[in-house]
Amino acid sequence: MKMRRHVLLTCILVSLMAGCAVGPDYHRPEVTSPESYRFADPNATSSFNAEWWHQFNDPVLDQLVSKAVAQNKDLAIATARIDEYRGRVMETSSQLYPQIGLGASGGRQRNAATKLTPNYETSQVQVAAAMSWEIDLFGRLRRLRESAKADLLSTEFARQGTLVSLEASVASAYITLRDLDQRLVIAQATVATRLDALNLFQERFAGGVVSQVQLSQAESEYAVAQTSESAIAQQIAQQENAISLLLGENPGPIPRGKSIDQISLPAIPAGLPSALLQQRPDIQEAEQNLVSANAQIGAARAQYFPVISLTGLLGRASTGLGSLWSGPAKMWSYAGAISQPIFTGGAIRGSVHVAEARQQQALFAYQAAIQNAFADVDNALVGEQRSKEQLVSTNDQVKALGQYASLSRDLYEGGYTSYLEVLDAERSLFNAQLTQSGLQAQQLIEVINVYKALGYGWPAGKEGLADDRPQ
């Protein structure tokens, strides 16, 4: 009989050491990726710089990004969520080990007298250590731990995705602010020019040189310029408030660095589509969700098999504290239990179907994340190329319209053309200058989008839990 117990114990230990667990083991799905990006820049540099915003060569922007990383509330929430899931891993892993507790109790009781027995008092003192342990013979607890670890990695990559998005948002918002600042300068210069024209026309109208129609035209153009100046000033204040929120601060003014035309244009990074699997945090987050869902299938299937548990108790009990440590006070017990589901009305089968369906959802989400990443990169690359081309054309347009406005004014002063032509030239020049400023900003923002789409902004595979991800 003793030999049988030893054999049974040996078999259990061997099974535990083998680490077998029901359910599918995770293997990374095959991904069909293009050999290159459709709109890859032939002049792209292969150098990797996680802190790409330094290439703008604007110290104020560097400070804003650093402050946002330190203070942004969304990033703080994502960081706290990592701590939550780290605790869940500890909680789930603990179930693999024996659970041991210590308890003590004591009491005294007086019984009422009866016809047959007098009053008497009794005491009871007990100190005991209890142990329980579910033997994970079929891997249910190990699959749950695998799932919890994948969830932890997923939250880590979610934080990295929030970080990348935050860095890009701060840089884009700052570029937009500097664009609005330049637009305000253009609008103020236009207001000043049209005010000079209005004063001149008022003098000429008083002298009978120009008509009421020409004076009204000058007044109208001056009012239009004032309206544009006021609207841009409003946008600047709102943009400052938006940046303040990204910085984790109350709305307020934002410091300025270089002007929009002084900010350096960063180089476009080179890379292959396959590199996105390691660079994009959202792809790695989606993969860890798939790992977690895959492990849940094993945990669900393990419900078909028996649950084996051991319990034990070791302690002392007596009717008095003084005799608690004497020989007769010693007590102990141990027991084993096994439970096997026979009929559950389809509950286990349903939970397996749920786990398998969730695994399929996670698989499709992972595949969609990869395809969206390819599209993001191509969209950003084509946006950078086309905005560069548009800016070159707009620069030529501004130069030509500047000459047109100057010549039309000279012709008007010489009496060779009407004032309508002057207004048309100045109006066209004003709109072109605003477009030029916007395209300067857009080109910088498209480069930011390229870095964001490629997943730059955090040292992939070198920080946090990224090195623990399954292949």
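In this predicted model, I283 touches L276, L277, Y366, A369, I370 and A373, when residues up to four places away in sequence are not counted. I283 is also, together with W52, F56 and I175, among the residues that touch the most other members of the largest nonpolar core, a set of 61 residues. Two or more residues of this core come from each of α2 (59-71), α4 (140-206), α5 (212-246), α6 (276-279), α7 (281-301), α8 (347-413) and α9 (419-454), and of these elements α4 gives the most, with 14 residues. Apart from this core lies another, made up of 13 residues, among them V191, L198, V210 and Y412. In soluble globular proteins, nonpolar side chains tend to be buried together.

A search of the whole structure finds 1 cavity of 30 Å³ or more, and the volume of the largest cavity is about 80 Å³. The lining of the largest cavity is formed by E134, I135, D136, L137, F138 and R140, along with A302, F305, P306, V307 and I308. The elements that give two or more residues to this lining are β2 (120-135) and β3 (307-318). By residue class, the lining of the largest cavity comprises 8 nonpolar and 3 charged residues, with no polar residues.

Conventions:
Residues numbered from 1 in each chain as written. Predicted model: local features only at pLDDT ≥ 70, side-chain atom pairs only at ≥ 80, totals over all residues. Heavy atoms only, no water. Core = buried A, V, L, I, M, F, W, Y, C linked by side-chain atoms within 4.5 Å. Buried < 20%, exposed > 50% of the residue type's maximum accessible area, 1.4 Å probe, protein only. Helix = DSSP H or I, 4+ residues; strand = E, 2+ residues; numbered from the N terminus. Contact = heavy atoms within 4.5 Å. 1 Å grid on protein atoms, 1.4 Å probe; cavity = no way out; pocket = protein on both sides within 12 Å on 5 of 7 lines; lining within 4 Å. Points joined across faces, edges and corners; volume = space filled by probe spheres on them. Nonpolar A, V, L, I, M, F, W, Y, C, P; charged D, E, K, R; others polar.
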